[in-house]
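Good morning, and thank you for making time on the agenda. Please keep the display in view as I speak.

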Amino acid sequence: MTSESVMIIIAAISAILIIAFTAWFFTLKVNGICPLCAIKKIFSFPTKLTMDIENDSDYDNGVAQTPPMGWSTWNTFRNQINQDLILEAAHAMKDSGLADAGYKYINLDDCWQSSLRDSDGKLQGDLTRFSRGIPALIKDINALGLKVGLYSSNGTLTCEDLPASLGNEELDAKTIASWGCEFFKYDFCHSRKINGNCPAIEFIELSRLSSDKVIRLNPEDAQFEGRAKVINISDLPSKKAIGYLGYGAGTALFTTNISEPGKYALTVTYHKAFGGRRKYMQIIINGKLHEIFFPETRTFSPSGREQIIVELDQGENTFLLKNPIVTLSDSSYIQYKRMGAALKNASKQWAQFTKTEEKPIVYSICEWGTAFPWIWGRKAGNMWRTTHDIMAKWTSIVLLYHYTIRKYKYAGPGAWNDPDMLEVGNGKLTESENKAHFSLWCMMAAPLMLGNDIRQFVDGGNSPVNTNTTLKIVTNKQLIAIDQDTLGKPAKIVKKSGMIDILARPLSNGDVALCIFNRGLSAKSVHFNLDDLAEDAYLSFSKASQYELHDLWSNERITADTISVSVEKHGVKVYRIKAL
């Protein structure tokens, strides 16, 4: 092939690509989609939050003011759980002294539920393994002075392919609230990203329920911000619509007066052209968010309609239309916030209905850290996974620690970084590694969810096995006091040297917790001047001539101005330091 032939082929391919791009660009534009925004979406980093959430309020449901403590079924039992095992674990938590140490939650992870929802569409326990029903099990566990947590997923199915809560958020929240559930883990399996595309909106109609009187909001009546605007969607000049709402391009605001307050049918008529994928739009009515998911479409007719029921006030009402989704992080924030709102409302409504004290539900966002939930987590829930699942391996523990310790600024009372459940006592971890694992989680103000078989902590007479090494580790009162400190400021790394990390966190009484962590394969000698702690503004620690050092594993106390110590491989030294 000659060079001239190659040039002709390149020119032809280039022409085809230009024509295809121009056609794509034009098709987007005539269907009310911002082409530049669609291109921006393609090149946006998927974990970047593009939405402005600064004015969104914190979740603040009044619970988890210190990191939650409890036990979860998953790490040891995975899908092999039943009502007898759960009750045995609950009795073991009480009889072993774990409950007295602060562990309160018995959390049922995946596989508590049946593959069948009941006749009302509600979740229900496995019909054989939980034959007595989940409400009866919760009642029995509550009678022991303990609380119960349940699990679902932000997807079409859970990670074990059982019914999940996407699209059923309000129903599932009301169901578990009525059962007395007080902890809810929301996973990420089978999740579906919300589409950033929004169809062109031809008009909106409002009609009071059981009435055919209609108030119509036309595109020309709206006030626009950003790129949103009125567009022509056909060759007929009269066929207009609101375009450029998708991918955070812009907003349209309607204001209208309502003479009769109450429930109204809101009908959105939209243009069905350009592709059949599901599309999405938010309508914020008088400050309350409503979501519309437009179905996969066929364009036999050019227009379609979606209806929702809304509550309108007498007098002026505002309707803000937008679709702020650009990235996966945007989508995750909206979806997890949706379930969080449903949980808060459900616990309040159930308390009002039964005239009993409310049981707020601790909301655990298990999004695996893929969409940077520490950025938005405190506005959506009480705790958020910073990582993928933990394993009972030293390398996994260190990896999760490294990834989470850097995010200390995002956590605090009611909102915690979660590097996943504890593997203390599982696998082939040494005693030194188990102590280090527990210490690091306490220093990071992480939720302490045991993942071992806690039934081993009691003997045949329901008495604690005080010689059990794992039980001794996870009930260390001094370390738990660090984790549960009410100031709620997690540790940061104040010094790194080779395989040595030195972590410190401020405590509510002015003390500082300090952990020397040896990641290396041999013992290391460490020398640290305690005056250096006063130089870190995060610690708010005053310099003194002497300091009291309380070793939280040996329980020894000394007075010194420096620490000179040898730390074994994969080991820690943890101190509570008081300025004298």
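What percentage of the 580 residues in the chain do buried residues make up? Buried residues make up 52% of them; buried means under 20% relative accessible area, exposed means over 50%, and partly exposed lies in between, with a 1.4 Å probe and protein chains only.

Before going further, a word on the basis of these values. This is a predicted model, in which local features need pLDDT of at least 70 and side-chain atom pairs count only at pLDDT 80 or more, while totals for chains, interfaces and linings use all residues. Residues are numbered from 1 along each chain as its sequence is written, and side-chain values use heavy atoms, with hydrogens and water left out.

Let me begin with the whole chain. Its secondary structure comes to 13 helices and 27 strands; these are DSSP runs numbered from the N terminus, helices being H or I of at least four residues and strands E of at least two. Taken along the principal axes, the C-alpha atoms fill a box of roughly 85 × 70 × 55 Å. The accessible surface comes to about 26100 Å², and 52% of that belongs to carbon and sulfur atoms; the areas come from the Shrake-Rupley method with a 1.4 Å probe, and for residues only the protein chains shown count as cover. Among contacts between residues at least 6 apart in sequence, 71% join residues at least 24 apart, where contact means heavy atoms within 4.5 Å.

The largest nonpolar core has 100 residues, of which Trp71, Tyr103, Leu108, Trp112, Phe438 and Trp441 touch the most other members. A second, separate core holds 26 residues, including Ile204, Leu206, Ile258 and Val268. By nonpolar core I mean a set of buried Ala, Val, Leu, Ile, Met, Phe, Trp, Tyr and Cys residues joined through side-chain atoms within 4.5 Å.

I turn now to an open sheet of 8 strands. Their order is β18-β17-β16-β4-β3-β2-β1-β19, and the pairing is parallel; two strands pair if DSSP finds at least two bridges between them. At the edges are β18, residues 416-418, and β19, residues 448-450, each of which pairs on one side only. On average, neighbouring strands are turned by 25° against each other, direction ignored; the axes are lines fitted to C-alpha atoms, for helices over the stretch in contact, and angles run from 0 to 180 degrees between N-to-C directions. Strand β1, residues 69-72, runs parallel to β19 and is joined to it by 3 bridges.

Is Met383 buried or exposed? With a relative accessible area of 2%, Met383 is buried. Leaving aside neighbours within four places in sequence, its contacts include Phe183, Val362, Ile365, Trp416 and Pro447.

Helix α7, residues 169-179, deserves a moment. Its buried residues are Glu169, Asp172, Ala173, Thr175, Ile176, Ala177 and Trp179. What covers them includes α6, β3, β4 and α8. Just after α7, Gly180 takes a positive phi of about 95°.

Where is Lys379 placed? Lys379 sits in the loop between α9 and β17. At a relative accessible area of 15%, Lys379 is buried. A polar atom of the Lys379 side chain lies 2.5 Å from the backbone oxygen of Asp56. Leaving aside neighbours within four places in sequence, Lys379 is also in contact with residues including Tyr59, Tyr333 and Lys337.

Finally, strand β11, residues 262-271. Because 9 of its 10 residues are buried, β11 is largely enclosed by the rest of the structure. Strand β5, residues 201-208, pairs with β11 in the antiparallel sense over 7 bridges, and β11 is joined to β14, residues 303-312, by 10 bridges, again antiparallel. Ala265 in β11 stands opposite Ser207, and in β14 its bridge partner is Ile309.

Leu320 is partly exposed, at a relative accessible area of 23%. Phe254 is 66 residues away from Leu320 in sequence, yet their C-alpha atoms are 6.5 Å apart.

Methods:
Polar contact = N/O pair within 3.5 Å; in protein donor to acceptor, adjacent residues only side chain to side chain.
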